[in-house]
Amino acid sequence: MKIFYELDLKSFNARDKAAEILERIRREGKYSELETVLEARYPDGMNETELSRLLCLDADSVYGWIGMKTDKELEEERRRESEELFDRAKKTETFAEFCACFSDCDDCPLFGGLCDADAYEKWKEENM
């Protein structure tokens with residue numbers, strides 16, 4: 001016997017990778033858009049297993065349908081940003097100039113946390 005019921009994404013009990021994907025979609029405020037797309041693409045509906053498989057096996061398509069970047073695109077963007085920061089940092093001559101490259105010393109991409117003048121000098125020696 002099959003029982004079909006209506007379920008909104010907020011009530012879907014996703015697990016593992018599907019849960020991670022839905023959490024990212026939720027953070028970006030795209031739940032409603034995804035529901036609209038899924039209703040249009042699957043007018044006869046889908047079961048929870050099919051939805052989980054779609055999210056896990058074809059996340060890039062799902063992200064594309066709702067105007068989100070794929071994980072690969074985000075990773076490439078972060079890599080480019082890190083390279084740009086690194087290049088700017090290499091051109092600095094003082095610790096103050098170096099710190100001006102970044103918006104928040106607590107999240108220094110080159111030191112992975114707080115940095116100071118000694119760490120900067122060591123970094124300059126290793127990277128110049």
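Here is a short chat about helix α1 and its residue R24 in a predicted model.

Colleague: How do you know that the span of helix α1 agrees with its number of residues?

Modeller: Helix α1 covers residues 16-27, twelve residues, and at 1.5 Å a residue it should span 16 Å. Its end C-alpha atoms are 17 Å apart, so the two values agree.

Colleague: Which residues of α1 are buried?

Modeller: Those are A18, I21, L22, R24 and I25. They cover an arc of only 155 degrees around the axis, so they sit on the same side of α1.

Colleague: What covers them, and what does the face turned away carry?

Modeller: The cover includes α2 (31-41), α3 (48-57), α4 (59-65) and α5 (71-90). On the face turned away from the buried side you'll find the exposed residues D16, E20 and R27.

Colleague: Why is R24 called buried?

Modeller: Buried means under 20% relative accessible area. R24 has 7% relative accessibility, so it counts as buried. Leaving out residues up to four places away in sequence, R24 touches Y63, M68, K69, T70, D71 and L74.

Colleague: What makes you say that the charged end of R24 sits over the ring of Y63?

Modeller: For an Arg, CZ has to be within 6 Å of the ring centre and within 35 degrees of the ring normal. The charged end of R24 is 4.2 Å from the centre of the Y63 ring, and it does count as sitting over that ring.

Colleague: How many aromatic pairs are there in the whole structure?

Modeller: Zero; a search of the whole structure finds none.

Colleague: And what follows α1?

Modeller: That's G29, with a positive phi near 70 degrees.

Definitions and conventions. Residues numbered from 1 in each chain as written. Predicted model: local features only at pLDDT ≥ 70, side-chain atom pairs only at ≥ 80, totals over all residues. Heavy atoms only, no water. Helix = DSSP H or I, 4+ residues; strand = E, 2+ residues; numbered from the N terminus. Expected span 1.5 Å × (residues − 1). Buried < 20%, exposed > 50% of the residue type's maximum accessible area, 1.4 Å probe, protein only. Arc of directions from axis to C-beta. Contact = heavy atoms within 4.5 Å. Phe/Tyr/Trp six-rings, centres within 6.5 Å; stacked < 30°, edge-to-face > 60°.
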